[in-house]
Amino acid sequence: MPDAVRRAVLPVLLMAALAVVAWGVLAGPAASVDRAYELEQRLRCPTCQSVSIADSPSETAAAMRQEVEQQVAAGRTDEQVFDYFRARYGDWVVLEPPASGVTLLLWLLPAAGGGIALIVLTTLPRRHVPALPEEERERVRREIDRLRPVVEEEDEP
């Protein structure tokens with residue numbers, strides 16, 4: 001493949017791959033076996049703060065899990081359930097920040113960094129190693145010919 005074509009096609013393919021991965025991460029799984037458990041995985045425990053309410057043993061998390069199950073049974077959407085908990089605990093209760101406002105920067109920063117790195121890598125000039133002059137090549141050939149019998153003798157048992 002000619003170098004000019006490779007430089008043009010490679011960034012496009014890499015960006016397409018990044019877009020597919022980002023879409024897969026943001027879209028998530030299409031079907032849920034246990035919707036209440038999925039929602040519990042995405043809500044932070046106010047007591048533990050470093051784990052979801054699904055993984056927390058605290059009484060507060062148990063009460064929140066029960067509330068999630070009641071909300072799901074009542075037919076509330078995911079966003080309505082999150083809004084319910086945001087109203088009581090604030091935005092920090094959601095483990096995945098929404099992709100809007102200031103948090104949009106958090107979602108876009110890795111993609112922007114990858115794009116910048118890709119641009120830098122594709123625009124860097126390639127180092128060209130000059131070919132050896134003919135007299136140097138001839139000198140290397142003579143040295144190889146001179147050392148070949150010595151190496152062959154060492155290889156024999």
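This is a predicted model: local features need pLDDT of at least 70, side-chain atom pairs count only at pLDDT 80 or more; totals for chains, interfaces and linings use all residues.
1. Thirteen is the size of the lining: 13 residues surround the second largest pocket. Nearest its centre lie Leu 18, Ala 22, Trp 107, Pro 110 and Ala 111.

2. Which helices supply at least two residues each to this lining? They are H1 (3–27) and H5 (103–123). The largest share comes from H1, with seven residues.

3. The lining of the second largest pocket is nonpolar at 12 residues. One residue is polar, and none is charged.

4. Now the largest nonpolar core. This core has 13 residues. Leu 43, Ile 53, Val 68, Phe 85 and Val 93 touch the most other members. Helices H2 (35–41), H3 (59–73) and H4 (78–89) each give two or more residues to the core.

5. Take Val 68, one of those core residues. What does Val 68 contact, leaving aside neighbours within four places in sequence? The partners are Ala 36, Leu 39, Glu 40, Leu 43, Ile 53, Val 81 and Phe 85. Among them, Leu 43, Ile 53 and Phe 85 are also listed with Val 68 as touching the most other core members.

6. On confidence, the chain has a mean pLDDT of 83. Of its residues, 87% reach 70 or more. H3, a contributor to the core, has the highest mean pLDDT among the elements, 94. H1 has the lowest, 72. H1 is also the element with the largest share of the pocket lining.

Notes:
Residues are numbered from 1 along each chain as its sequence is written. Side-chain values use heavy atoms; hydrogens and water are left out. On a 1 Å grid over the protein atoms alone, a cavity is a set of points where a 1.4 Å probe fits but cannot get out, and a pocket is an open set with protein on both sides within 12 Å along at least five of seven lines; lining residues have an atom within 4 Å of a point. Helices (H or I, at least four residues) and strands (E, at least two) are DSSP runs, numbered from the N terminus. Ala, Val, Leu, Ile, Met, Phe, Trp, Tyr, Cys and Pro count as nonpolar, Asp, Glu, Lys and Arg as charged, and the others, Gly among them, as polar. A nonpolar core is a set of buried Ala, Val, Leu, Ile, Met, Phe, Trp, Tyr and Cys residues joined through side-chain atoms within 4.5 Å. Buried means under 20% relative accessible area, exposed over 50%, partly exposed in between (1.4 Å probe, protein chains only). Contact means heavy atoms within 4.5 Å. pLDDT is the predictor's confidence in each residue, from 0 to 100.
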